[in-house]
Amino acid sequence: MQQTIRRVAVIGAGTMGAAIAGHLANAGIPVYLLDIPPSSLTPKEEARGLTLDHPEVRNRIVREGFERMRKARPANLFNEDAAKLITLGNTEDHFHWVGEADWIIEAIIERLDIKQALMERIDGVRKAGSIVSSNTSGLPIKAIGQGRSDDFRAHFLGTHFFNPPRYMKLLEVIPTADTDPAVVEFITQFAEEVLGKGVVIANDTPNFIANRLGFITAAKTMEYAIAHGYSIPEVDLLTGPLIGRPKTGTFRLADLVGIDVLAYVANNLYELLPDDPEREALKAPAFTHIIQGMLERNWLGNKTKIGFSKQVRENGKKAYWQLNFETFEHEAMPKPRFDSVGALRTKPLPERLKGMVEADDRAGEFVWYVISRLLHYAAAIMPEVSDDPLAVDNAMKWGFQWEVGPFEIWDILGVEKTLKRMEAEGLSIAPWVKEMLESGAKTFHRTYRRKKQRWVIGQGYVNVKPDPKMIVLSEWKQDGRRVIATNASASLVDIGDDVLLLEFHAATPQGRVLNALDLDVLSMTQEAIERVEREFAGLVIGNQGEQFSVGANIFLIAVNAQQGNWDTLDALARQLQGMRKAFTQCSKPVVAAPFGMTLGGGAEVCMAADRIVAAAETYMGLPEVGVGIIPAGGGTKEMVRRVISPAARIDHPGIEKYVQEVALTIATAKIATSAAEARDLGFLAACDRIVMNRDHLIAEAKAEVLAMAATGYRPQFTAKNCYAAGRDALATLRVYIYLQKEAGYISEHDAKVAEKVAYVVCGGELSRPQWVDEDYFLDLEREALLSLAGEPLTQARLWHMLQTGKPLRN
């Protein structure tokens with residue numbers, strides 16, 4: 001299908017419509033965002049003498065929706081530039097704009113008659129071949145497009161985004177019998193590659209896959225918890241990371257979603273699913289009583305700051321009280337403790353799942369109930385919602401951020417063993433599961449002859465179509481020949497086509513792969529450069545841990561600072577600083593592939609590389625001032641080289657503005673909230689790339705290495721490429737720091753750290769601006785690090801961060 005999407009029209013500027021428009025703009029796509037003109041004036045508009053015909057009034061609804069989206073936190077937009085791609089209009093004066101769009105997305109009120117009327121209008125102005133989709137979460141897609149032209153129906157389908165669209169990976173695509181398969185294939189590829197989505201094809205059934213399975217099983221979980229005396233902290237502990245789900249668990253997730261939304265979805269599903277085997281869970285007495293009581297009190301969750309939890313102040317500190325289901329009062333509740341949880345919580349997820357469902361205590365009973373009812377219901381709604389277990393698993397992983405989906409859980413626990421236990425408890429298992437077992441199949445998912453397969457109802461095992469843009473390191477490394485070298489914190493992996501990967505995998509004592517940079521990482525980095533020079537075409541620095549890297553290992557810095565091992569600290573800084581020279585003077589290209597938290601030393605590693613290919617959701621920054629030191633692994637120097645020096649090279653008359661921006665970025669520990677903002681701040685250069693789909697990151701970085709090698713990459717040798725602004729610029733910064741301290745905005749110690757930042761950024765007390773080598777700034781970085789590390793308050797901050805994970809406030 002020869003299709004290109006150059007412009008999108010989104011109709012409906014409510015929470016979802018505006019946020020969808022925002023994410024399309026994040027991807028660089030111009031968007032028309034339309035909503036209805038108002039039918040009455042506000043008091044302010046009347047006072048100004050405006051009429052309903054005034055352009056400002058007619059665009060009021062769409063403008064208000066846009067502004068709510070733009071100001072929301074967490075941010076819907078990557079940066080402010082994305083907002084410039086959204087053009088606002090109304091559905092009366094600007095409806096002809098719809099005819100310019102290649103993709104038209106409907107996101108209006110959930111009423112079938114109104115949606116059908118809108119589709120009739122769209123059919124009258126759309127250009128032939130343009131795609132039309134509805135973001136409905138419950139109404140039948142077929143009914144929405146009923147009566148439209150042949151070309152309309154061939155290009156019409158459901159595209160159900162999850163909220164917020166920027167952060168939630170799932171996109172459920174719902175074709176009708178009339179939808180051209182080529183349209184489904186195109187929108188799937190576009191969503192995956194351009195919007196960074198994980199696409200699941202769903203049948204045209206109420207609430208599709210994820211919300212139906214998620215909400216009904218959540219209702220059953222809440223009903224069981226309330227009826228059997230489990231507290232909110234107990235439930236959230238047992239339905240959180242322990243079993244591979246987010247920290248929000250069950251009740252905190254309900255507060256996040258909104259109790260009113262929960263009630264609406266429950267009522268909506270109940271009406272739409274008259275034949276669903278678990279329909280009555282949505283009207284279960286204990287669940288219904290609690291939800292109704294909360295609605296009557298306007299306890300709607302986070303939006304009203306009170307729901308299943310309530311924020312209070314205890315001894316001057318923020319605390320949370322939970323709802324007591326018996327008294328209907330919020331109260332402080334003890335931290336739940338179960339022997340089974342304590343024994344299993346640090347084990348790998350498969351061991352936790354197996355152990356918890358077998359545990360002979362209240363925790364085990366609850367986890368077994370939750371999981372067994374999930375598996376039972378997931379099987380029961382198939383093939384109605386889908387005939388593919390992989391689609392159901394992905395829907396729950398991408399829509400609810402689970403680590404494993406229901407059928408993957410069933411495989412872990414043992415399908416036949418778990419089925420027998422559920423049947424012994426009186427649960428009736430879907431016939432297709434028994435048919436699968438009777439055929440000799442043992443699992444829903446398997447690897448057969450080195451190909452991944454899943455059991456599809458009516459077909460048997462079917463190969464999973466590989467994504468050529470996806471490299472899964474855990475699978476890649478199963479062939480031991482690909483692992484070139486390894487230690488506790490890093491590995492070298494041959495990822496094919498003569499490209500080597502330097503993978504960080506340093507874990508915390510709790511098992512979280514946050515990739516703090518330690519001596520093992522630095523050692524493996526040196527070996528990577530040596531091997532690339534001899535054996536490979538280039539190097540990718542990347543991993544698939546929880547975060548790219550949270551920076552240098554604070555324990556190393558804290559211990560050496562406390563013991564006065566200044567030579568050791570200096571050597572650590574020199575090793576980090578030496579990466580840029582090692583990378584850029586290597587005869588082969590080096591590409592960093594950051595994602596998630598890329599902080600401190602992690603950011604310095606990336607900025608040392610020849611090129612950065614960053615995931616869109618990369619949060620990069622230099623937060624060292626939070627522990628009382630400055631970036632001294634090349635980070636401060638890099639900001640001078642990347643931001644100040646280019647402006648100086650063109651003799652920019654406002655050079656001090658760039659000096660101040662860099663100093664402020666470092667001194668305030670500013671963290672970019674996206675890769676696009678990282679580019680705005682100077683962490684990424686104009687030549688660096690941003691990849692929307694994190695699953696494609698390693699493969700895209702590898703492609704970048706090969707492209708650089710193919711176009712004649714040469715090592716870089718530089719001299720006097722850093723601009724030192726000198727004492728006049730430093731004097732300006734010192735005045736600003738003094739005024740901030742005198743006004744009480746920063747402490748004495750903060751001012752001391754800021755003074756060091758300013759000194760290094762300006763290149764010291766040079767009598768006039770001049771160009772210097774990178775080593776000049778690197779020496780200043782280390783001097784500042786060593787002087788600040790000796791401060792008692794800096795050492796206190798380092799240990800506080802190490803013990804709590806939070807900066808110490810003055």
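Two residues are in contact when they have heavy atoms within 4.5 Å of each other. By this criterion, residues 24 or more positions apart account for 69% of the contacts in the chain with a separation of 6 or more. The structure is a predicted model, in which local features need pLDDT of at least 70 and side-chain atom pairs count only at pLDDT 80 or more, while totals for chains, interfaces and linings use all residues. Residues are numbered from 1 along each chain as its sequence is written, and side-chain values use heavy atoms, with hydrogens and water left out.

The chain contains 34 helices and 27 strands, where helices (H or I, at least four residues) and strands (E, at least two) are DSSP runs numbered from the N terminus. The radius of gyration is 29 Å, close to the 28 Å that the globule rule gives for 810 residues, so the chain is as compact as a globular protein of that length. This radius is taken over C-alpha atoms, and the globule rule is 2.2 Å times the number of residues to the power 0.38. Along the principal axes, the C-alpha atoms fill a box of roughly 80 × 70 × 60 Å.

Of the 810 residues, 55% count as buried (buried means under 20% relative accessible area, exposed over 50%, and partly exposed in between, with a 1.4 Å probe and protein chains only). The chain exposes about 35200 Å², of which carbon and sulfur atoms supply 51%; accessible areas come from the Shrake-Rupley method with a 1.4 Å probe, and for residues only the protein chains shown count as cover. There are 92 positive and 103 negative side chains, and the centres of the two sets lie 2 Å apart. Lys and Arg count as positive and Asp and Glu as negative, whereas His and the chain ends are not counted. The place of a charge is NZ of Lys, CZ of Arg, CG of Asp or CD of Glu.

Strand 12 (residues 445-448) runs antiparallel to strand 13 (residues 451-456), and four bridges join them. Tyr-448 stands opposite Lys-451 in strand 13. The hairpin of these strands has two residues between them, and Arg-449 takes a positive phi near 50 degrees there. Strand 13 also pairs with strand 14 (residues 460-463), in the antiparallel sense and over four bridges. Gln-453 has Asn-463 in strand 14 as its bridge partner. This second hairpin has three residues between the strands, and Gly-458 takes a positive phi near 85 degrees.

Several loops show particular backbone features. Arg-73 and Pro-74 are joined by a cis peptide bond with omega about 0 degrees, and Pro-74 is found in the loop between helix 4 (60-71) and helix 5 (80-83). A cis peptide bond also joins Asn-163 and Pro-164, with omega about -5 degrees; Pro-164 is in the loop between strand 6 (156-161) and strand 7 (170-175). Phe-208 is not a glycine, yet has a positive phi of about 55 degrees. It is located in the loop between strand 8 (198-201) and helix 10 (210-227), and counts as buried at 0% relative accessibility.

Met-692 lies in the loop between strand 25 (689-691) and helix 30 (697-710). At 18% relative accessibility, Met-692 counts as buried. Leaving aside residues up to four places away in sequence, Met-692 touches His-23, Ala-27, Phe-78, Glu-193, Val-194, Leu-195, Gly-196 and Ala-616. The C-alpha atoms of Met-692 and Lys-197 are separated by 8.3 Å, although the two are 495 residues apart along the chain.

Technical notes: Two strands pair if DSSP finds at least two bridges between them.
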